[in-house]
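Here is a short briefing on side-chain contacts. Look at the aromatic rings and the charged side chains as you read.

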Amino acid sequence: MLQGSCLCGEVKFEISGYVSPVQNCHAARCRKATGGAFTPEMLAHGDGFRWIEGQEQIRVYKAPLLKSPPLTPALFATPADRPCRSSWRARPT
């Protein structure tokens, strides 16, 4: 089991089950979202994700589609407005 929190510690979560190795995304939108050269990320199954504390602090930003799905909503923890997690769903087949 993996546990984590947002930068200010108001929001806490845990992930059970499979978690991918950490990878760095260099896509333009990922770089723009963080202001860095890449965005570190790891993948996990959604049913293994659980909020422990502070879920009411979460706001969701859904960036408009550029060319095609999938849409990747970004979640932010208030009041610090720091990125907390993103959610990605596979493209429909």
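A residue counts as buried when its relative accessible area is under 20%. By that cut-off F13 is buried, and so is F49. The model is predicted. Its aromatic pairs come to two, and a search of the whole structure finds one salt bridge.

**Aromatic pairs**

- F13 and F49 form a stacked pair. Their ring centres lie 5.4 Å apart, with 25° between the planes.
- F13 sits in strand β2 (residues 12–15) and F49 in strand β5 (residues 49–53), so this pair ties together parts that are 36 residues apart in sequence.
- F49 also pairs with W51, this time edge-to-face. Here the centres are 4.9 Å apart and the planes stand at 85°.
- Both F49 and W51 are buried.
- F13, F49 and W51 form one aromatic cluster.

**Salt bridge**

- The side chains of E14 and R50 meet in a salt bridge, at 2.9 Å from N to O.
- This pair links distant parts of the chain: E14 is in strand β2 and R50 in strand β5, 36 residues apart.
- Is E14 buried or exposed? E14 is buried, because its relative accessible area is 12% and the cut-off is under 20%.
- R50 has 45% relative accessibility, so R50 counts as partly exposed. That class lies between the buried limit of 20% and the exposed limit of 50%.

Methods. Residues are numbered from 1 along each chain as its sequence is written. This is a predicted model: local features need pLDDT of at least 70, side-chain atom pairs count only at pLDDT 80 or more; totals for chains, interfaces and linings use all residues. Side-chain values use heavy atoms; hydrogens and water are left out. Rings of Phe, Tyr and Trp (its six-membered ring) pair if their centres lie within 6.5 Å; planes under 30 degrees apart count as stacked, over 60 as edge-to-face and the rest as tilted. Helices (H or I, at least four residues) and strands (E, at least two) are DSSP runs, numbered from the N terminus. Buried means under 20% relative accessible area, exposed over 50%, partly exposed in between (1.4 Å probe, protein chains only). A salt bridge is a side-chain nitrogen of Lys or Arg within 4 Å of a carboxyl oxygen of Asp or Glu.
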